[in-house]
Amino acid sequence: EIGHDELLAKCGFPMISDREQSSDVERTTYRVKRIHYLGKEVAVICQNVNGPCPLIAISNILCLRGLIPIHRDYQQVTFGYLSNVLSDQILERNLAGRHDANAEFNINEVLALIPSLQFGLDVNLRFNGIVDFEYTRAQLIYDLLGIRLVHGWIVDPQDTATANVVKNLSYNQLVEKVIKMQELRETQPAEGIQQSPQDAESRATLLAEGFLVEEFLHHTSGQLTYVGLQCLHDGIHEGELAVLFRNNHFSTLTKNNGELFVLVTDEGYSTEDVVWEKLCEIDGDNVFVNSGFMVPQLRINAAPAPGNSTLAQSTASARQEENDRLMALELYREEYAQALAQQEQQQQQQAHAQAQAQGLAHPPVGIPPVVHVQPYAGAGQPPVDSAGRRPSSDPAARRGRVSP
């Protein structure tokens with residue numbers, strides 16, 4: 001039996017995890033960077049590899065809160081030091097003057113989990129809200145430290161067809177739908193064997209849903225949508241420090257003067273000229289700012305950065321692209337319905353002809369056909385129908401169509 005991770009790899013989808021299996025001692029040592037935050041000098045933890053580590057995101061929130069003391073002479077900290085500080089913070093925050101058996105159980109669970117934070121953390125999100133994650137033991141660490149874990153991978157409710165399929169399903173459940181669709185594509189019904197109407201309808205539904213899920217996961221592979229970005233703007237409080245999960249990575253997120261910023265922890269940015277990255281685009285084309293959340297002087301005098309646009313402008317542009325994509329999907333669905341009707345008519349005609357040849361008074365009831373769905377080419381590329389044709393790109397041909 002193939003395991004779940006192997007199935008994800010077979011379908012070309014990543015496992016939603018930032019787990020990095022390594023026992024390299026160098027990866028348990030982190031460089032310290034000095035920045036200014038809310039008028040005070042604080043130390044933040046950097047990453048020495050472009051690798052995943054929820055420990056850094058959590059530790060940096062505690063650093064920015066002033067809860068992790070790091071002497072100015074220290075240029076590096078060890079994983080052991082950070083894990084001890086995290087343990088102390090959890091105990092102090094949750095057991096001070098309390099004797100709660102349930103709280104003690106949860107604390108013991110989290111303390112046992114802390115050593116694995118240097119490798120990563122498995123999460124399984126849902127696509128309806130910024131805090132919509134499948135609850136696991138690993139989520140306890142955020143709860144006990146008073147930190148919110150958020151994401152911006154949210155389905156657009158205006159795309160009703162996709163939203164109805166995704167609903168409250170988790171990432172892993174969506175991948176299972178794609179796997180089932182691919183298995184059905186590889187195992188076509190044998191010729192000459194008629195399916196029951198119920199089986200044919202079930203097969204067609206699984207194929208259609210699997211296609212919509214596959215297209216959604218492909219189109220939003222960056223794990224951030226413009227709907228999700230807007231939800232983050234609405235859901236993150238001014239001055240809040242949260243952990244953002246995106247691209248299988250955990251980052252420290254804050255909101256300053258109504259704008260979202262992600263803490264830059266790459267060792268390559270070792271000066272205060274680059275401290276935060278403005279989160280205003282979903283494709284990574286964002287703007288770097290300093291400790292004061294201002295674009296550095298060198299960048300001001302230079303040509304405007306390509307990502308230096310307001311959220312409203314970028315959202316409007318993305319909405320147009322999304323409308324084009326939804327229109328292409330609508331054209332595809334129309335082509336799909338036409339192909340389905342044509343095949344059903346052909347099968348009815350064949351059944352009628354066979355009945356006449358056999359001298360039957362009434363032809364047998366036709367069986368709903370199976371339409372082979374071609375993969376959707378993605379944004380900007382209209383999908384092809386079962387005959388390999390693409391919808392017309394002539395604007396006049398699209399006039400009067402309404403996106404779902």
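Predicted model: local features only at pLDDT ≥ 70, side-chain atom pairs only at ≥ 80, totals over all residues.
Let's start with helix 4. It runs over residues 101-113, which makes 13 residues. From its first C-alpha to its last it reaches 19 Å.

Which residues of helix 4 are buried? They are A103, N106, I107, V110 and L113. Why do they sit on the same side of helix 4? Because they cover an arc of only 120 degrees around the axis. There is a general rule behind this kind of pattern. An α-helix has 3.6 residues a turn, so residues three or four places apart point the same way.

Next, helix 8. This one covers residues 197-219 and has 23 residues. It reaches 33 Å from first C-alpha to last. The expected value at 1.5 Å a residue is 33 Å. The list of buried residues in helix 8 includes A200, R203, L207 and G210. It then takes in F211, L212, V213, E214, E215, F216 and L217.

On to salt bridges. How many are there in the whole structure? A search finds 7. I'll show you three of them.

Here is one from helix 4. E109 forms a salt bridge with R137. Their closest N and O atoms are 3.8 Å apart. E109 lies in helix 4, while R137 lies in the loop between helix 4 and helix 5, so the pair ties together parts that are 28 residues apart in sequence. E109 counts as partly exposed, at 23% relative accessibility. R137 is also partly exposed, with a relative accessible area of 40%.

The next bridge joins R148 and E240. Here the closest N and O atoms are 2.8 Å apart. R148 is in the loop between helix 5 and strand 4, and E240 is in the loop between helix 9 and strand 5, so this pair ties together parts 92 residues apart in sequence. R148 counts as partly exposed, at 28% relative accessibility. E240 counts as buried, at 13%.

Then we have K278 and E259. Their side chains meet in a salt bridge, at 3.4 Å from N to O. K278 belongs to strand 8 and E259 to strand 7, so the bridge ties together parts that are 19 residues apart in sequence. K278 is buried, with a relative accessible area of 13%. E259 is partly exposed, at 33%.

Now the aromatic rings. The count comes to 8 aromatic pairs. Let's look at two.

Take F261 and F293. They form a tilted pair, 4.9 Å centre to centre, with 55 degrees between the planes. F261 lies in strand 7, and F293 lies in the loop between strand 9 and helix 10, so the pair ties together parts that are 32 residues apart in sequence. Both F261 and F293 are buried.

Next come Y269 and F288. This pair is tilted as well: 5.1 Å centre to centre, 35 degrees between the planes. Y269 sits in the loop between strand 7 and strand 8, and F288 sits in strand 9, so the pair ties together parts 19 residues apart in sequence. Y269 is partly exposed, with a relative accessible area of 31%. F288 is buried, at 18%.

Last topic: cysteines. How many disulfides are there? The count comes to 0. C53 counts as buried, at 3% relative accessibility. C63 is buried too, with a relative accessible area of 3%.

That's my tour. Happy to go back to any of these spots.

Definitions and conventions:
Residues numbered from 1 in each chain as written. Heavy atoms only, no water. Helix = DSSP H or I, 4+ residues; strand = E, 2+ residues; numbered from the N terminus. Expected span 1.5 Å × (residues − 1). Buried < 20%, exposed > 50% of the residue type's maximum accessible area, 1.4 Å probe, protein only. Arc of directions from axis to C-beta. Salt bridge = Lys/Arg side-chain N within 4 Å of Asp/Glu carboxyl O. Phe/Tyr/Trp six-rings, centres within 6.5 Å; stacked < 30°, edge-to-face > 60°. Disulfide = S-S within 2.5 Å.
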